[in-house]
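Reader: I'm new to reading protein models. Could you walk me through this one, a question at a time?

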Amino acid sequence: MNSALVPEAPTGNSEPDQRRPTDWTTGASRRRTRRRYAAERRFRLMGLAAVWLSVGFLAFLLMSMLWQGASGFVETRITLPIALQLDITPDRVVVRGADLALAGAGIEGAVDAAATAAYGAGGAELLSDGAWLHVRDAVEADPTLLNRRAMIDVSAAADIDVAAKGEGTPAAEAQVAKLAAAGALSRGFNLKFLTDADSTDSTRVGIWGAFKGSLMTMIVTLALAFPVGVFAALYLEEYAPKNRWTDLIEVSINNLAAVPSIIFGLLGLAVFLGTFHLPRSAPLVGGLTLALMTMPVIVIAGRNAIKGVPPSIRDAALAVGASPVQVVFHHVLPLALPGILTGTIIGMARALGETAPLLMIGMRAFIAAPPDRITDPATVLPVQIFLWSDEVNRGFVEKTSAAIIVLLLFLLAMNGFAIYLRNRFETRW
Amino acid sequence: MSGLSLVILVIGLALIGWLAGRMRAAAFRRGSTRRFSSQPVHHGWFVALWTVGPPLVFLAIWALTSPALVTDAVLANPAASQLPPPGFDRASILSEARSLAQGRSYGAFHELARTLAPVYAAAQSRFDWIASGIALLLAFAGGAFTFTRVGPGFAARTQVERVVMILLLTASLIAILTTMGIVASLLWEAGRFFRIVPAWEFLFGTHWSPQVISARDPGASLGAVPLFWGTFFIGAVIAMVVAIPFGLMSAIYLTQYARASTRRWIKPTLEMLAGVPTVVYGYFAALTVAPAVRQLGVSIGIADASSESALAAGLVMGIMIIPFVSSMADDSLSAVPAAMRDGSLAMGATSSETIRKVLVPAALPGVVGGVLLAVSRAIGETMIVVMAASGVATLTANPFASTTTVTKQIVDLLTGEAEFDSAKTLAAFALGLTLFVITLLLNIVALTVVKRYREAYE
């Protein structure tokens, strides 16, 4: 023991029994203890409050999206009495090409005329631009409608729709009240929201186009980022010699994981569009850009998973004569795969919600048709949300929130699957 | 022959090569008592790799060089003698002819493009046939040559494993390539910008209004100081004022007080905050938070409270960053040796005194590193500020006033209708370069701090 720390032995007048134990029962001492315990409780409460407020923010965010978005899946319909007088025989609408035949026969005008007849001048403006499509589908389903008078529910115009949900202008509210009094208003599930693409009319928009674009982009991203990420992780963890090049690779990967996503967008713009002249706003370019962003995430998750495989597995394989490549591909990779897949899904979920880099490569155009190939112009879900959020029309608010609900559901499903994989297949060695 | 069908054909050939090599190797192994270095499947892979590899490499190079060759062939045609001299007109006629020849468009603006289109199509199909021929020849030659090598004494496994190692190495080099691509493209475009606008005018100018750029002195309205200030104010001040207390306190509660079962549920829930896409936060900030903040500003007597205030964007960004700060603080607190905590508790300190006077000071370097990483994330964050912050650059410390950020301006500059080479679009790359350098420095500093701190307790 360090002799300097040993207290000097009391000398002279002090007696050993003069040192008494602290008296904890005096008033001052009790007050101090009470104060300290109160501080302890306050501190603990502050921690609890921080946790609950953070969870509360999340709950508020999700609830407000649900609250605003739920009505986006519902459309207001107006019952339209209609007697179609079209120059077309019923057998023409059950064969192929019926859509064109009906459009050519002037069904759109007939619907407008019926609306004017039923609801007076301006009646056509009560209906959505896509109202005649409802009538067309109804006629194709039941050709006898061509010869008789019928009541068909068609979707209402955007301002009527908004007013019926309680946020419209006074004029629209008055019209809604009139229609409701006549018993012409009804509500129904807006199936077209799930099957259509973007439109300028908020009652006709759908997310299928953006969803398909997202799907294509994600396939390109996965096809590029997964093999490259796994191979790089295997190389760095299993084979890489300790030298300057390996260090450089590691530093690059760690930095890429921290680079702001918008920088990847600038890279995509300068390299894929500027140098290689790939098509603008195509899922191919979006996928390439997001793959560069996702690859470091997969590499880092993959390395952790590979590190988790105990060395005894490798030693055993080597001992029975496997080559280094066989050790890795027959033993290490299969054991590390659940961990790698978990990391990959989390990286893909991040890429699915990414917006900024895709804006950079031109994915903000108005695309009214779902893409068919990965080189077609397309948009993706988060960008569609961004575009709709910019619309002035009140009808787009609920559509934006509804699209957000769809996006969040997908992210939740992906993350849930990742957690399931982790819990189901993770081995503790 | 189209590119895709050619690739599929080559892969089909490789499959045949795989089967043939495997069968041949299996044949000479049958009945032999000798020990072999390679399994039949290795011989199969050896043949397949040499069948598919060379044609694909050739096709990749061909895809980059053939457009130039086709154009040269078209220019050699007599019909091309009427083309205007090299310049914009010539390029546009040629590109029209190309889209006509490829069937991507049906009408042409230039008469000459219509006459050149068949020439183009002919040259294109000639070169396509040449490419297909060479690719198939390479596939057959590679496959046949390697097939003859398959034999009892041939170590196919060594060869195949060498190719696998090269593949693995290439995959990891892509990370370096990406980094170099980012640095090179940013430097190149920013370099072009700094030739128009001097770097010091850009970095130290205090006036930013890219809507009106005078042709004589573009630097006068491209001074980025207001953007840097706005980025710092929103990302490093307002967001951190929210994220640090909430993140640190939740980390402390979850690591020191909460029961294990509570922690198991709350931690993933908190991390969901980081999983919500930024565009959702942006929409939330613009639609819900910004009007509320404006109301608040007006009610406390700030008449010019903006509906695109720095406070709204910063608050929402702070909420987004909470789980990030919390998990970094969590890691640093858990890294403090238990002996320090136990010692403090044994001396009679309460939990909160231990945390405040022992754990947090000991974990401070790690927490600071985590906060720096969080700042670097916040200033690179784009969608929240694009949707909730304003486009007007002002130098103000009033959180209710409108401020703009670097990322918001990059998006605004590049999504306008300007042509690609103007000072305006190039300025976006200069901003991108600045952002890249700052986040890189922040990350390096943060990681060094965290690493030092970890070493101190190991």
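Reader: Which residues of chain A does the UniProt annotation "domain: ABC transmembrane type-1" cover?

Author: First, a bit of housekeeping: this is a predicted model, where local features need pLDDT of at least 70, side-chain atom pairs count only at pLDDT 80 or more, and totals for chains, interfaces and linings use all residues. Residues are numbered from 1 along each chain as its sequence is written, chains are lettered from A and ligands numbered from 1 in the order in which they are written, and side-chain values use heavy atoms, with hydrogens and water left out. The annotation comes from an unreviewed UniProt entry, its positions follow the numbering used here, feature names are shortened, and annotations may be inferred rather than shown by experiment.

Reader: How much of residues 211–418 of chain A is helix?

Author: Helices here are DSSP runs (H or I, at least four residues), and strands are too (E, at least two), numbered from the N terminus. The end C-alpha atoms of this span are 21 Å apart, and strand makes up 0%. Helix makes up 77%.

Reader: What is the helix content of residues 402–421 of chain A?

Author: The unreviewed UniProt entry lists 402–421 of chain A as a "transmembrane region", and 215–236 is also among them. For 215–236 of chain A, the ends lie 31 Å apart by C-alpha atoms and the span is 100% helix. For 402–421 of chain A, the ends are 29 Å apart and the helix content is 100%.

Reader: How far apart are the centres of domain 1 and domain 2 of chain A?

Author: The bounds come from an automatic or database domain assignment. For chain A that gives domain 1 (71–190) and domain 2 (208–425). Taken over C-alpha atoms, their centres lie apart by 44 Å.

Reader: How much area do domain 1 and domain 2 of chain A bury between them?

Author: Buried area is the accessible area (1.4 Å probe) that two parts lose on being put together, summed over both. Of the area between these two domains of chain A, 53% is on carbon and sulfur atoms. The buried area is about 630 Å².

Reader: And between chain B and chain A, how much area is buried?

Author: Contact means heavy atoms within 4.5 Å, and here it takes 73 residues from chain B and 72 residues from chain A. Leu168(B), Tyr253(B) and Tyr283(B) supply 10% of the area that chain B buries against chain A, more than any other three residues. Carbon and sulfur atoms carry 81% of the total, which is about 6300 Å².

Reader: Which side chains meet in a salt bridge?

Author: Across the interface of chain B and chain A, the rule finds one salt bridge. Its N to O distance is 2.8 Å, and the partners are Arg36(A) and Glu353(B).

Reader: Which helix of chain B gives the most to the side that touches chain A?

Author: On that side of chain B, the residues divide into 47 nonpolar (Ala, Val, Leu, Ile, Met, Phe, Trp, Tyr, Cys and Pro), five charged (Asp, Glu, Lys and Arg) and 21 polar (the others, Gly among them). With 20 residues, the helix that gives the most is α5 (residues 156–196).

How values were computed. A salt bridge is a side-chain nitrogen of Lys or Arg within 4 Å of a carboxyl oxygen of Asp or Glu.
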